[in-house]
Amino acid sequence: IDLTRAQHVESVLRVADTSLILGQRLSEWCGHGPVIEEDIALTNIALDLIGQARLLLTHAGRVEGQGRDEDRLAFLRAESECRNLSIVELPNQDFGRTILRNFLVAAWQAPLWSELRSSSDAELAAIAEKSAKETRYHLQHAADWTVRLGDGTAESKRRMQRALDYLWPYTAEFFADDALDRAVRTTGLMPLPSSLQPAWEATVLPVLAEAHRTLMDDLL
């Protein structure tokens with residue numbers, strides 16, 4: 001099965017836009033972190049994500065062949081044309097929610113980049129190779145803080161539980177396959193979103209257990 005150019009571009013944009021919007025959200029912490037070290041850490045993670053988005057958007061523009069570069073794709077599309085996961089649009093609220101969202105998203109990105117390293121799109125595979133290294137740090141940073149806050153003071157525990165209750169329903173979107181996903185899977189361009197769920201759960205659930213966070217049965 002041959003992909004159309006539009007399908008190819010759409011698939012790349014889904015990954016690019018998630019990195020772009022999360023990077024923009026995290027950039028809001030610049031100068032506002034709880035301590036200077038974490039201010040810098042979140043800013044650096046934001047820069048990594050924006051860097052991933054730049055590479056992916058540039059690639060999408062070349063595949064599209066209509067003269068749109070990374071800046072035009074990032075800033076001159078209508079909101080309805082953005083293809084990011086909904087969770088990355090949510091307000092930061094506080095440090096705990098920001099950290100937990102980073103953890104949930106990085107735990108999804110890690111197996112995605114791993115699969116994309118063998119993509120039939122050689123440029124996408126090269127971008128995934130670079131991005132996978134960055135995401136390993138993002139994941140470790142967020143996991144460490146998730147445990148630290150979830151097993152910390154009464155106030156930090158309360159906030160992390162509140163963040164988890166708020167964010168968890170959005171994670172279902174990570175693994176929802178649609179017709180485009182099934183089409184690109186047959187060409188080896190990208191994995192099916194649903195195929196990433198076992199690896200994601202194997203990362204997320206033990207960390208949440210260590211953080212002493214609870215999940216309602218109907219959320220699992």
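Modeller: Let us begin with E155, which has its place in helix α6; helices here are DSSP runs of H or I with at least four residues, strands are runs of E with at least two, and both are numbered from the N terminus. This is a predicted model, in which local features need pLDDT of at least 70 and side-chain atom pairs count only at pLDDT 80 or more, while totals for chains, interfaces and linings use all residues. Residues are numbered from 1 along each chain as its sequence is written, and side-chain values use heavy atoms, leaving out hydrogens and water.

Colleague: Is E155 buried or exposed, or something in between?

Modeller: Buried means under 20% relative accessible area, exposed means over 50%, and partly exposed lies in between, with a 1.4 Å probe and protein chains only. E155 has a relative accessible area of 36%, so E155 is partly exposed.

Colleague: Which side chain does the side chain of E155 meet in a polar contact?

Modeller: A polar contact is a pair of N or O atoms within 3.5 Å; within protein, one must be able to donate a hydrogen and the other to accept it, and residues adjacent in sequence count only if both atoms are side-chain atoms. For E155 the partner is the side chain of R158, at 2.7 Å.

Colleague: How do α5 and α6 pack?

Modeller: Axes are lines fitted to C-alpha atoms, for helices over the stretch in contact, and angles run from 0 to 180 degrees between N-to-C directions. Helix α5 (residues 122-150) and helix α6 (residues 154-167) have axes 7 Å apart and an angle of about 125°. That makes α5 oblique to α6, since angles under 35 degrees count as roughly parallel, over 145 as roughly antiparallel, 65 to 115 as roughly perpendicular and the rest as oblique.

Colleague: Which residues of α5 and α6 meet?

Modeller: Contact means heavy atoms within 4.5 Å, and here T146, L149 and G150 in α5 meet S156, K157 and M160 in α6.

Colleague: Why does D94 count as buried?

Modeller: D94, in the loop between α3 and α4, is buried because its relative accessible area is 8%. The side chain of D94 makes a polar contact of 3.3 Å with the side chain of R162, and, leaving aside residues up to four places away in sequence, D94 touches W29, R159 and R162.

Colleague: Where is N84 placed?

Modeller: N84 is in the loop between α3 (70-75) and α4 (95-116), and at 9% relative accessibility N84 counts as buried. A polar contact of 3.0 Å joins the side chain of N84 to that of E89.
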